Amino acid sequence: MVMAKSKVKIQKSKIKKGDKVKIMLGKDRGKEGTVEYVLAKKNKLFVGGVNLYKRHVRKLKDIEGGIINIPKPMNVSNVALICPTCQKSTRIGLKVMGDAKVRMCKKCGKEIDKGKA
Ligand SMILES: [Zn+2]
């Protein structure tokens, strides 16, 4: 008997570093920011200036004590991409162009990566 290989489907995030996103869930709901880092395997990402948590830090040798803001990653599903063309939060569609898949906005149908160097 052949054992079926267990398939762990890793959902590849469609959101990439540098994308502008809107936070849809959580304490920063409604805020907008730019994706600074994507943890693809965990389906999480860091958004600049969003989801910051205050932490009290004790004074160390060279470091001043006090309160610092530590960014925490959030789930990819908690954010929506803001389309650079229509400026609306949108879902991402994929368009196949030759061998490449191009991300497109489901609202206006324009390519998202177009013109992005
Ligand atoms: Zn659009």
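Two strands are said to pair if DSSP finds at least two bridges between them, and the strands themselves are DSSP runs (E, at least two residues), numbered from the N terminus, as are helices (H or I, at least four residues). The model described here is predicted, so local features need pLDDT of at least 70 and side-chain atom pairs count only at pLDDT 80 or more, while totals for chains, interfaces and linings use all residues. Residues are numbered from 1 along each chain as its sequence is written.

On these terms the protein has zero helices and 10 strands, and from the N terminus on its elements run β-β-β-β-β-β-β-β-β-β. Six of the strands form an open sheet with antiparallel pairing, in the order β6-β3-β2-β1-β7-β8, in which the edge strands β6 (74–75) and β8 (89–90) each pair on one side only.

Within this sheet, strand β1 (residues 20–23) pairs with strand β7 (residues 79–82) in the antiparallel sense over three bridges. Val21 has Leu81 of β7 as its bridge partner, and Ile23 stands opposite Val79 of the β7 strand. Leu81 also has a bridge partner in β8, namely Thr90. The hairpin of β7 and β8 has six residues between the strands, and Gln87 in that hairpin takes a positive phi near 60 degrees.

| Strand pair | Sense | Bridges |
|---|---|---|
| β1 and β7 | antiparallel | three bridges |
| β7 and β8 | antiparallel | two bridges |
| β4 and β5 | antiparallel | six bridges |

In the pair formed by strand β4 (residues 52–57) and β5, Arg55 stands opposite Ile68 of β5. A residue counts as buried if 20 or more other C-beta atoms, placed from the backbone, lie within 10 Å of its own, as exposed if 12 or fewer do, and as partly exposed in between. Strand β5 (residues 66–71) lies largely in the open, because the number buried among its six residues is zero. In the protein, buried residues make up 16% of the 117 residues.

Lys110 is found in the segment after β10 (100–105) and is partly exposed, with 14 other C-beta atoms within 10 Å. Two residues are in contact if their C-beta atoms, placed from the backbone, lie within 7 Å. Leaving aside neighbours within four places in sequence, Lys110 is in contact with Thr85, Met104 and Cys105. The C-alpha atoms of Lys110 and Gly93, which are 17 residues apart along the chain, are separated by 9.9 Å. Among contacts in the protein between residues at least 6 apart in sequence, 36% join residues at least 24 apart.
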